[in-house]
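Visitor: Please take a close look at the aromatic rings in this structure. I would like to know how they are arranged.

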Amino acid sequence: MPRVHFLDVTNRDGVQTARTGLSKFGKTMVNWYLGRLGVAQSEIGFPFLFHEVPYVRAQVALGKAGAFGDLRLAGWCRGVAADVEKAVPLGLRHYNLSISTSDYMIKNKFRGRLDRDAIIREMTAAVRVAKQGGAETIGVNAEDGSRTDDGFLRQFALAAKEAGADRVRYCDTIGGDTPGRIRERFATLAAATGMPVETHCHNDLGMAVANSVSGALGDLEAGQDAWINTCVNGIGERSGNADLLSTILAFEH
């Protein structure tokens, strides 16, 4: 039977909240509590940044010592090989690799430097570096996925799968999706690719939890596991991310 898993991003996306800062010890305690709660995975930070290296090494060592129970520790990298090459020596075994996929981002963020073919080339190269570096699981993030058309999302996900990725993260980067739409898109994409589609919902319109639950139901309808991104207390850039406790309670009740 397909299952629902929680992948908490408090220590990566949550700490981008305005005026919210977590010390390295604070992040460590978040991981400890997530492990006790039974969360599957924690996205602990940016392992390709030099100032994160001591913290990431410490988390990996604590994880190996059993401090976080069964919690898996993951790093977030841009979907480019160079980032992953910097991260691999730190010993993480789980990654999410992110690159923008919408035509809006291609036009206004990349400004002609990348097109759709180049995005897939960059992403698949990053996945292969992670696999060669010993990664056990890899998610690839379609940033601005909610504004990416179905055809390219499917092409992106299938290319990622062929390169060795395990999941595709559908990012509602602008927080503008709706429960009915996201459920249908998740069911269609999960069925077409044969892989889980991971929710990453922002709360600009107050629907991050509803969208996350609906997206997960789309996964389950397609016979795939559901992976839901959350933050403790719903923190996160701009209006925040899906609240961890609220999402758990939504499934319970």
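Guide: The structure holds five aromatic pairs; rings of Phe, Tyr and Trp (its six-membered ring) count as a pair if their centres lie within 6.5 Å, and the planes are stacked under 30 degrees apart, edge-to-face over 60 and tilted for the rest. This is a predicted model, in which local features need pLDDT of at least 70 and side-chain atom pairs count only at pLDDT 80 or more, while totals for chains, interfaces and linings use all residues. Residues are numbered from 1 along each chain as its sequence is written, and side-chain values use heavy atoms, leaving out hydrogens and water.

One of the pairs is Trp32 with Tyr33, edge-to-face at 4.9 Å centre to centre with 75° between the planes. Trp32 is partly exposed, at 30% relative accessible area, and Tyr33 is exposed, at 51%; buried means under 20%, exposed over 50%, and partly exposed in between, with a 1.4 Å probe and protein chains only.

Phe46 and Trp76 also pair edge-to-face, with 5.4 Å between centres and 80° between planes. Phe46 lies in the loop between strand S2 (41-45) and helix H2 (53-64), and Trp76 in strand S3 (residues 72-78), 30 residues apart. Helices (H or I, at least four residues) and strands (E, at least two) are DSSP runs, numbered from the N terminus. Both Phe46 and Trp76 are buried. Ring pairs join Phe46, Phe48 and Trp76 in a cluster.

Rings also meet charges here. The charged end of Arg147 sits over the ring of Tyr104, 4.4 Å from its centre; this requires NZ of Lys or CZ of Arg within 6 Å of the ring centre and within 35 degrees of the ring normal. Arg167 has its charged end over the ring of Trp227, 4.4 Å from the centre.
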